[in-house]
Amino acid sequence: MSRPSPFRARAAENLALHERHRLFDAAAWRARMKREHAAAACEGWEALRERAAAIKAHTLDHLDLYLERFVERAQAAGATVHFAETGQDVNRSVFEICRRRAVRKIVKSKSMTTEECGLNAHLERQGIEVVDTDLGERIVQLFGEPPSHIVAPALHRSTREIAALFARTLGSPPDETDPERLTAYVRRDLRRHFLAADLGMTGANFAVAETGTLVVVENEANSLLSTSLPRIHVAVLGIEKVIPGLAELGVFLRLLARSATGQPMSVYTTHYTGPQARAGGEAASEPRELHVVLVDAGRSALLADPEHRRALACIRCGACLNVCPVYRRAGGHAYGWTYSGPIGSVLAPTMEPPGSGTTPPEELPFASSLCGACTEICPVKIDLHHQLLFWRRRLVESGRKPGPRIAWLAPVLSSPLLFRVAAVLGRRLWPLFRFAAGAWLAAADGAPRRHIPVPAARSFREWWRQR
Amino acid sequence: MSTPERILQRVRAACGHSVPLPPPEALATPRLGWADFGRALAAAAGSLLEPVALARVADRLRELAGGPTLPALADRAAALLGAAPAPADPRLLDETPALAATGEWAVARTGTVLVDDRHAPVRAHLLLPERLILLVPSDALVDDLPDLYARYRPRPAGYFTLISGPSKTADIEQVLVLGAHGPRRLDVIPVVGLPRPV
């Protein structure tokens, strides 16, 4: 029997934690249903998806021009633009900004891009305190674990676990399990960090080339606070986040919140053009800075790849995670990379530093049933399950993964006569083979939970004749 | 070659410059009103209050603040009412019970109000009070986001934010909690005759 892969082993662990699995699955399903209602209530939803996909196709095909325009306008507005080729470059650039301004404490709002490069750990090793301020991010930071979902980082944790965590780390009463009061504890604790921080870090959902503007979408106000109280704002984003203008932004914003959380709009959509203005009476010597770190880290390689380029259109709504039957059962941590679910399996191996994931990248494209639910829900129409198939084909072609061991099936499937004979035999002899075939599949696949479907009593042909 | 040049060169090599940008969306004829705005805002846990005339705004704000004095005011609201703005130092704003600010546009479909730095140059004014009251010109309502982006011209430097309800989170088992970091309450008042900054 082959050893189960890390993905399968962790997925099995997740399934064995019954309460966690049930919660996680239900939460993802609820998010999916909210998106369902929001999409149904939005006039012209399908046309909007088409338009968004067309805008992304155009933008990615002209990314050099839009990037240059964005950089020029952002600089004209007073921002300092940095380019980073790898995650390590990001870490170095950000640390350099901190060093120059003697930064001791950073408040950070959610940024998957900085998760990619392990920025928090890097800065902390240099003695800088990094406080995550999005509630979900703060929870996983205090647990010392990575996020399990792009949009809802602590989706896998129950109220009970979070209550125990806060009692241990924030001093809330151990029997306090009311989400509202637990949130109030974090709010009070983080207010103090916001007021004392020297630098605020954010990601960005979009970068508007026309105006040199960064756009950050959020519900909690932690991102806006991170850029309002500290005087220095550092935004880290992938180069693919650039879009042409505000008219295009209006298209993506109508899709993003509805797809992510089922809201028509998130609570705060903030547009930053240049650094924060000085308040009246503030000394001109006080720094007011906006640093924009534009990250490549594998994105230009994806752009050059005609089959995978479309994956760069992703707006990180997380809808494909919520509908994925594999993600919902395996859990986000099974993937072993920053980005999980269908989009994660496509992006992680190219965008994240090689070897940083705890699952071999060759396994990711196989963490899918290829049912296509991800493709169907994607607001920017990325053909996700085809992307996974492309990966599989490449892995097999390059010899990194063995091809399917079902070569004998081809002659059977391509001959109507052989197929019928096999189908009749299969149905008749099924009870005999069932046990042996099940054991064989489980051993070959390392997936004891896989069920072999029972053949129908009659074939379609038989049914058609007797109808 | 420098890092930006290397990255741009790789990106340039990958771009075909052939896929066209779709033509702009046609803007629909306006058909939504403040009632629609109110419904959208209520769904986002905010409240639309009765419209008032500009001359009555100060009284209405005192009523809402529940006392003889005005709530804290962001800069432009303060200038309009001839009062002093709230302090710019965020430490002095922490736990302010209520603050009123003016906004530029309202979006009926989503219950959204646009505020920029002409209205609230100190961003923290919008975030630190427990309750935020937004005053919007009663004739500044548009249907949806495309209408907003077609009308609003951002300044060459500065910020603008679209606020759609009070701050919220659902990160603990998806239970909705208001006031995650920012205001727990959001009220919007259409003001008849509220001038727009020039």
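The legends below accompany close-up views of a predicted model with chains A and B. Residues are numbered from 1 along each chain as its sequence is written, and chains are lettered from A in the order in which they are written. Because the model is predicted, local features need pLDDT of at least 70 and side-chain atom pairs count only at pLDDT 80 or more, whereas totals for chains, interfaces and linings use all residues; side-chain values use heavy atoms, with hydrogens and water left out.

**View 1. The interface between chain A and chain B.** In this view 86 residues of chain A are in contact with 66 residues of chain B, contact meaning heavy atoms within 4.5 Å. The two chains bury about 6400 Å² between them, 58% of it on carbon and sulfur atoms, where buried area is the accessible area (1.4 Å probe) that two parts lose on being put together, summed over both.

View 2. Between chain A and chain B the count is 10 salt bridges, each defined as a side-chain nitrogen of Lys or Arg within 4 Å of a carboxyl oxygen of Asp or Glu. One of them joins B:Arg31 to A:Glu43, with the closest N and O atoms 3.1 Å apart. On the side of chain A that touches chain B, helix 10 (residues 179–196) gives the most, with 9 residues; helices (H or I, at least four residues) and strands (E, at least two) are DSSP runs, numbered from the N terminus.

**View 3. Strand pairing between the chains.** Strand 9 (residues 268–273) of chain A and strand 9 (residues 158–163) of chain B run antiparallel and are joined by 6 bridges, two strands being paired if DSSP finds at least two bridges between them. Here A:Tyr268 stands opposite B:Ile163.

**View 4. The open sheet of chain A.** In chain A, 6 strands form an open sheet in the order 1-10-7-4-2-3, with parallel pairing. Strand 1 (80–84) and strand 3 (129–132) stand at the edges, each with a single partner strand, so one side of each is left without a neighbour in the sheet. Within chain A, strand 2 (residues 105–108) and strand 4 (residues 199–202) run parallel and are joined by 3 bridges, and A:Ile106 has A:Leu199 as its bridge partner in strand 4.

**View 5. A salt bridge within chain A.** The side chains of A:Arg100 and A:Glu289 meet in a salt bridge at 3.8 Å, N to O. A:Arg100 lies in helix 5 (residues 87–100) and A:Glu289 in strand 10 (residues 289–295), so the pair ties together parts that are 189 residues apart in sequence.
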